[in-house]
Amino acid sequence: MHVNNLKMIAAAACLLSTSQVMALEAPKRVECIAPAGPGGGLDFICRSIGKALNDQGVVSGNIQVTNMPGGGHGVGFAHTVSKRKGDAGVFVATSTGTVTRLAQNAYPGLDSSMVNWAAAMGAEPGVIAVRKDSPYQSLNEVLDALKQDPGSVTFAGASPLGGDDNLRVLLTAKRAGVDKIKELRYLSFNNGGDALVQVVGGHTDVFTGDLSESLGFFESGDLRILAVLADERLEGKLASVPTAKEQGVDVTWLNFRGVYVAPGISDEQYNWWQQTFSNLYETPEWKQIMQQNGLIPFHKTGAEFTDYINEQIGEVRQISQELGIIKS
């Protein structure tokens with residue numbers, strides 16, 4: 001009898017907790033911070049999620065998008081930690097780039113525990129690509145050239161030195177047995193579009209970036225994608241493009257697209273955001289957004305997402321140390 005009473009009390013408490021979460025309404029004012037300039041991947045996350053939340057009727061008012069470029073996503077991260085504590089109406093776009101900078105201690109005095117990681121809403125595999133008339137016909141031909149002379153191939157990407165686009169090439173080369181990877185030539189441009197123009201125009205040799213950035217040039221025939229850095233081949237137009245693993249190089253690189261929310265909000269508010277993003281992820285509208293923008297399925301929320309973030313930080317920190325990008 002005593003055990004049954006305890007079970008009833010526990011069940012009632014669970015129901016009360018669930019009803020409290022369900023009863024919690026959307027914040028009166030909702031804002032999404034994109035810690036980068038307009039037109040990039042983080043801006044895309046804010047605007048796509050904002051429109052979807054409006055279309056689904058989850059948020060009735062206008063969702064403001066605030067662009068905060070600078071510091072490799074660090075300006076937005078610092079602002080959220082220092083200025084938005086307890087603000088349940090703000091969510092912030094994030095990606096693997098944020099994780100990379102956290103792993104490399106690029107945000108002085110800040111770490112991953114200072115925000116609430118809410119949800120991953122899909123992921124984008126990295127690609128390695130060349131212009132249509134490039135002499136390189138496969139990933140291994142590029143790697144063979146690097147083995148002969150690490151400085152003979154010029155790579156172009158959007159991230160700074162030591163960032164995602166640079167790291168994925170260094171890691172691919174390292175896994176393929178290229179010596180002297182510190183001698184690899186990598187040029188950083190303002191965005192993926194600028195980097196692609198340099199490659200397609202013949203000014204640099206190889207593009208390293210995200211799938212969505214390269215789709216336009218790939219579809220026009222100006223770009224050949226040598227490898228997709230995913231576990232399996234993609235469907236649709238990219239079905240003919242092999243993975244790096246298929247070509248004997250054991251490397252994957254996914255750029256997740258996700259969101260975190262402000263520190264200092266209540267558990268109920270945090271749970272509301274988690275549930276809201278989970279509900280949105282399951283809608284046909286979001287599946288279509290993912291498909292149109294080259295995202296593959298990848299969804300984690302709350303504690304699971306937080307654990308993933310911390311695991312990624314540990315892995316990227318180790319890689320960065322091995323490659324000599326950071327000392328400790």
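This is a predicted model: local features need pLDDT of at least 70, side-chain atom pairs count only at pLDDT 80 or more; totals for chains, interfaces and linings use all residues.
Q: What is a nonpolar core here?
A: A set of buried Ala, Val, Leu, Ile, Met, Phe, Trp, Tyr and Cys residues joined through side-chain atoms within 4.5 Å. Buried means under 20% relative accessible area, exposed over 50%, partly exposed in between (1.4 Å probe, protein chains only).

Q: Which residues have the most contacts inside the largest one?
A: The largest core has 85 residues. Ile49, Phe91, Leu146, Phe155, Leu184, Phe277 and Trp286 have the most contacts inside it.

Q: Which strand gives the most to this core?
A: Strand S4, residues 116–131, with 8 residues. Strands (E, at least two residues) and helices (H or I, at least four) are DSSP runs, numbered from the N terminus.

Q: Why does this core lie between domains 1 and 2?
A: Because domain 1 (31–124 + 255–323) and domain 2 (127–247) both give residues to it. The bounds come from an automatic or database domain assignment.

Q: Switching topic: how many disulfides?
A: The count is 1 disulfide (a pair of cysteine sulfur atoms within 2.5 Å). Cys32 and Cys46 form it, with sulfur atoms 2.0 Å apart.

Q: Where do Cys32 and Cys46 sit?
A: Cys32 is in strand S1 (residues 31–34) and Cys46 in helix H2 (residues 41–55), 14 residues apart. Both are buried.

Q: Left-handed or right-handed?
A: Left-handed, because the S-S torsion is about -70 degrees.

How values were computed. Residues are numbered from 1 along each chain as its sequence is written. Side-chain values use heavy atoms; hydrogens and water are left out.
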